[in-house]
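I opened a structure I had not seen before and kept notes as I went. Here is what I looked up.

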Amino acid sequence: MQQDALIVELQKGNQKAFERIYQLYSESTYGIIFSIIGEKDIAEEVLQDVFMKIWENAKSYDSSKGRFFTWILNIARNASIDKIRSKSFKNKKQNLAADNFVDILESKTNFSATIDAIGLKKYIEVLKPVCKKLIDLLFFKGYTQKETADELEMPLGTVKTRNRACINKLREIVGN
Amino acid sequence: MAKIEDYISSGILELYVYGALSETESREVTKMLKEYPEVEKEVEEIEDALQKLATGLAPYNPEALLASLKSKLKPHPAVKVITPQSSYRTKWVTYIGWAASIVLLIGMFFLFQQNSALRQSLSEAETKNSIIEQQIADIREDAENAKQILATLRDHNISRIPLKGQNAAPDAYATVYWNDNDNTTYIDALGLPEPPRGMVYQVWSLTMQPLTPTSIGLLDGFDEEETKIFTLPNANKSEAFGITLEPEGGSKSPTMEQLYVLGTVAAP
């Protein structure tokens with residue numbers, strides 16, 4: 001697999017591979033970070049930290065534990081959460097409550113050329129409230145299945161199947 | 001293969017991509033994905049859709065960001081030293097100047113090296129930290145669950161009724177912990193085989209003479225409940241408990257050929 005080879009190269013410290021990884025993942029990672037932090041400049045700082053971590057800790061990625069995307073996602077969520085807990089952030093942004101992904105998408109006007117902006121906005125419009133919560137907790141906030149079930153007072157199995165339906169809808173709209 | 005389709009449509013792959021599964025569960029999914037190309041394809045599509053959703057959230061100025069990051073990655077090329085035109089100054093001033101610059105440069109180089117080594121170990125430690133934090137949270141949750149179960153079983157109002165395997169499943173077993181004070185039963189179903197798809201275990205309270213079964217509930221979500229302990233209300237004057245395998249949704253009366261386990265309540 002091309003992707004696997006790229007990760008192996010990254011783990012060997014190949015800078016070209018890193019640039020490719022950056023191209024593949026930076027925008028989505030930026031989106032995750034921004035959705036947690038809600039402030040463009042700080043999100044940018046955190047994005048840079050996250051990619052430095054990816055570069056420096058590439059060797060600790062173990063493909064049997066999960067997807068590379070998931071690994072990056074974890075680093076990004078943890079770095080963002082650390083940031084908003086930090087003193088400097090609290091002092092600066094006392095009243096800042098990060099919007100969830102729905103609010104961000106609804107208020108956005110400029111989109112990257114790589115995505116179907118109209119499709120995404122349409123998706124948000126038809127998205128059920130329960131889907132908004134599920135995706136927000138599981139994807140953007142990094143809750144486990146159990147934590148999500150507790151938070152939404154829903155049986156474990158329901159979290160799994162409902163979320164699947166939500167993501168299917170997303171795939172219909174943004175899929176190729 | 002129908003089983004794989006069921007696996008895909010169960011929704012576990014989405015949770016896998018989110019990172020919402022435990023490490024053991026994730027490893028199992030990775031195995032499936034290596035074995036079945038259709039599972040891998042599905043995971044790739046889910047990942048792609050989520051990436052697009054996340055990308056849609058990013059404030060849009062990728063070029064500026066890339067430039068800024070690149071400048072941090074590669075050390076700047078060494079500044080070309082322009083040799084000063086020979087001047088009126090005497091040579092020894094020049095020599096001292098050069099010597100001082102070299103000393104300064106060496107010093108700066110050492111500081112720079114030390115600094116980047118420190119930075120690197122700091123960020124390694126931070127990543128390790130966050131991974132460990134996650135593991136601790138998982139373990140704490142497991143421990144909390146175990147504590148709850150233990151507290152329940154220690155309650156002195158509890159009577160323990162062992163259920164033995166019957167013809168349908170001679171090796172199966174289960175235990176009912178019945179608290180007739182608050183009319184709750186806890187079914188420990190660890191000794192029951194995983195029910196086939198579309199089937200569910202149903203728990204019955206039985207009274208003898210005449211033999212009357214009353215359903216007290218289903219063991220829903222059997223494969224997801226890691227502890228295999230289920231809580232069901234039971235206000236009956238039960239004399240025995242039985243568990244049968246029934247079609248999804250349960251049945252009005254027990255299918256006796258599918259009676260898995262049975263046990264009687266000891267007389268008080």
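Predicted model: local features only at pLDDT ≥ 70, side-chain atom pairs only at ≥ 80, totals over all residues.

My entries below go through the chain contact, a helix pair, a sheet and the nonpolar cores.

**Entry 1: where the chains touch.** I started with the contact between the two chains. On the chain A side I counted 56 residues, in contact with 44 residues of chain B. Then I asked which elements of chain A give two or more residues to that side. The list I got is helix 2 (15–37), helix 3 (40–57), helix 4 (68–85), helix 6 (101–107), helix 7 (117–126), helix 8, helix 9 (145–152) and helix 10 of chain A. Helix 10 of chain A gives the largest share, 10 residues. I also sorted the residues of chain A's side by type, and they came out as 24 nonpolar, 21 polar and 11 charged.

**Entry 2: a helix pair.** Helix 10 made me curious, and I looked at how it packs with helix 8. At what angle do helix 8 and helix 10 of chain A pack? The angle is about 105°, and the axes are 9 Å apart. Since 65 to 115 degrees counts as roughly perpendicular, that is what I call helix 8 of chain A relative to helix 10 of chain A. From helix 8 of chain A, the contact uses A:Val130, A:Cys131, A:Leu134, A:Ile135 and A:Leu138. Helix 10 of chain A brings A:Val159, A:Arg162, A:Asn163 and A:Cys166. By type I get 7 nonpolar, 1 polar and 1 charged for this contact.

**Entry 3: the sheet in chain B.** Next I traced a sheet in chain B. It is open, with 8 strands in the order 5-4-7-8-1-2-3-6 and antiparallel pairing. Which strands stand at the edges? They are strand 5 (212–218) and strand 6 (229–233) of chain B; each has a single partner strand, so one side of each has no neighbour in the sheet. From one strand to the next, the twist averages 25°. I checked one pair too: strand 1 (residues 158–165) and strand 2 (residues 173–179) of chain B are antiparallel, over 7 bridges. In that pair, B:Ile161 has B:Val176 of strand 2 of chain B as its bridge partner.

**Entry 4: the cores.** Last, I went looking for nonpolar cores. The largest has 66 residues, and A:Ile33, A:Val50 and A:Ile72 touch the most other members. Helix 2 of chain A supplies the largest share of this core, 9 residues. Leaving out residues up to four places away in sequence, A:Ile72 touches A:Tyr25, A:Thr29 and A:Ile54. Another core lies apart from that one, with 19 residues, including B:Trp178, B:Ala189, B:Tyr201 and B:Leu245.

Key: Residues numbered from 1 in each chain as written. Chains lettered and ligands numbered in written order. Axes fitted to C-alpha atoms, helices over the stretch in contact; angles between N-to-C directions. Helix = DSSP H or I, 4+ residues; strand = E, 2+ residues; numbered from the N terminus. Parallel < 35°, antiparallel > 145°, perpendicular 65-115°, else oblique. Contact = placed C-beta atoms within 7 Å. Nonpolar A, V, L, I, M, F, W, Y, C, P; charged D, E, K, R; others polar. Pairing = 2+ DSSP bridges. Core = buried A, V, L, I, M, F, W, Y, C linked by C-beta atoms within 7 Å. Buried ≥ 20, exposed ≤ 12 C-beta atoms within 10 Å, placed from the backbone.
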